[in-house]
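Reader: I am new to reading protein structures. Could we go through this one together?

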Amino acid sequence: MTPMIPAHVPDEPPLTYADSFDIPVLFRDGPADKPKKQWRTAEHKAWSASDGFPKADGWYAPTTTWREIIKAATEVGRDITPHLQNQPRYAHGELVARVAPLYAYLGAHLFEPRHPVAGAMGRRLTLNPVYAHGTERTAKNAAAYRLGMTMTEWACRSLLGLGQTEHLELGGPIPALSETFKDPKRKLPDLWGRHETEKMYWLIEAKGGNCSVGTLRNGWAQLQAGSKILGSYGHRTVLVGAAVRPGDDLFLTIDHDLHAGLPPLPPAGSEPDDKAASGPGNIEDHLGESDEALIGAARAQMLAYLALRSAPTSQLRTVPVPADRTSRHRRRHGLTTPLEKDNRTLAMRADLRGAALHGKSHLKRAQIRSWGVDDFLTCRIPGTEVHLGMSRQLFAVCVRLHEEDLAIARRTPGLRAEDQMAVEQGLSEDAQDEQRLTQRRIFREQQEEARPRLRPLLREAYERGATSDWRDLLRRTQEPELDLAGDEGLLEAATPETYLAVSRYDLPPMRAS
């Protein structure tokens, strides 16, 4: 009889990459006093869950990459694309705002745990001296907000397998409860999402910075208020505290509670046989079979799309990746697959360089694709060392979705370009914030009304994108350069449909523990 591998043995190699870090995480059933240095002294379990909460609360020591954290940063936040329809180049500015605080204030240090954890890197994130000695309180508060949102997105999506997160202020998951969730008098949590493995909604509140017990209890109260509204629908409340102080480790507390109830509603207008954003894993794992997953993935990448679309051709390039997406499906360690040790990617790129050296430097994209190679469009985000990109099929869907969004903006009073200044003149800052929130809500309502009509249009764009040239998708005369040389200074990662790279020379600086 062949012995089976014990369940506790990890089924993936440890993340031994140049940008790997250990993030101590404490799971518990509600807010409590800050644990007394337990993120350093307690015995931590190795992370083995993949699509949900671990079987038992307590301390865990998952390892992640800086790339995974930066991806979370670029994808979480208010959807400002309604305000960028006529000025897509400003998408770069929003992306800079999301990642800059992490680069500005985070550092790293070596750490040798009292109780070793298999596969741990012995590196942890911390606050750097710039934050400790040169940052004013208002800037610290802004940094804490961004850190809290980023690490909450990372914890819920990369670690726990949640689908796309959305801001609750736009109306929440149940149309009949939308107006209640929008009530400005209620103090409600930040985000919501749908967990396909658990088959229930999640309500999520993010906190960052010092994360005192008072702060966490306030967040728990926000979740309880949201839970009362969601009522009879099954849901989980999740409070993530990203706690860090100068000279100490970044660690997370995840307080959670489960509420049994009705299953989630199908998306409005979806077909009975649509598998929703269904099945465990990354939403991008299901684009070929689910129209809902297609819409969700395109919405999540709209900011990156606007950044790529508005970049000059000279700043664009395409990078070769295997056309087979299954090697980049979500795994236990997160959404992204680092490419520098991916044997399939390394062999494929070596073959392409060899073909170029033998006089085939002008290979057509169609010929390359016949070899099982795809090329993702990418560019560096100005003001950062972060590179973002996506596949031609996802880009084609974003093109079609952007056309619809632009039509919504043009026909909706208050969202048209000529209305913007007239609406905001003479208003206080709070009144302007409220006005913009109202605009985003109107925009989202229009998007949801268009969803049934958009499904076949986006599916057609997805299928057509597979054989389209980049110059046609970009509506330009020049094809972006296919980068066969690569850049040894970049640490690359990819999902089934997206690309992200960071500079290996611009990681959180290391200092002695």
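**Burial, cores and a helix pair**

Author: Of the 513 residues in the protein, 56% are buried. Please keep in mind that this is a predicted model.

Reader: How many helices and strands are there in the protein?
Author: The protein has 15 helices and 19 strands. Among contacts between residues at least 6 apart in sequence, 75% join residues at least 24 apart.

Reader: Which residues touch the most other members in the largest nonpolar core?
Author: They are W66 and F395, in a core of 88 residues. Helix α5, residues 137–159, gives the most to this core, namely eight residues. There is also a second, separate core of 22 residues, and L26, W39, L168 and L203 are among them.

Reader: Why would such residues gather at all?
Author: Nonpolar side chains tend to be buried together in soluble globular proteins.

Reader: And what is W66 in contact with, leaving aside its neighbours within four places in sequence?
Author: With that exclusion, its contacts are D19, F21, L102, Y103, L106, L125, V502, L507 and P508.

Reader: Let us turn to helices. At what angle do the axes of α9 and α12 cross?
Author: Helix α9 covers residues 302–310 and helix α12 covers residues 392–411; their axes come within 10 Å and cross at roughly 95°. Angles of 65 to 115 degrees count as roughly perpendicular, so α9 and α12 are roughly perpendicular to each other.

Reader: Which residues meet there, in α9 and in α12?
Author: From α9 there are M302, Y305, L306, L308 and R309, and they meet F395, C398, V399, L401, H402 and D405 of α12. By type, the residues of this contact are eight nonpolar, one polar and two charged.

Reader: Now Q447, please. Is Q447 buried or exposed?
Author: Q447 lies in helix α14, residues 429–465. Its relative accessible area is 2%, and buried means under 20%, so Q447 is buried.

Reader: What does the side chain of Q447 make a polar contact with?
Author: The partner is the side chain of R444, at 3.0 Å. Leaving aside neighbours within four places in sequence, Q447 is in contact with R299, D405 and I408.

Reader: One last topic: where is the place of G231?
Author: G231 sits in the loop between α7 (213–230) and β10 (235–243). G231 is partly exposed, with a relative accessible area of 37%. G231 and H259 are 28 residues apart in sequence, while their C-alpha atoms are 8.8 Å apart in space.

How values were computed. Residues numbered from 1 in each chain as written. Predicted model: local features only at pLDDT ≥ 70, side-chain atom pairs only at ≥ 80, totals over all residues. Heavy atoms only, no water. Axes fitted to C-alpha atoms, helices over the stretch in contact; angles between N-to-C directions. Helix = DSSP H or I, 4+ residues; strand = E, 2+ residues; numbered from the N terminus. Parallel < 35°, antiparallel > 145°, perpendicular 65-115°, else oblique. Contact = heavy atoms within 4.5 Å. Nonpolar A, V, L, I, M, F, W, Y, C, P; charged D, E, K, R; others polar. Buried < 20%, exposed > 50% of the residue type's maximum accessible area, 1.4 Å probe, protein only. Polar contact = N/O pair within 3.5 Å; in protein donor to acceptor, adjacent residues only side chain to side chain. Core = buried A, V, L, I, M, F, W, Y, C linked by side-chain atoms within 4.5 Å.
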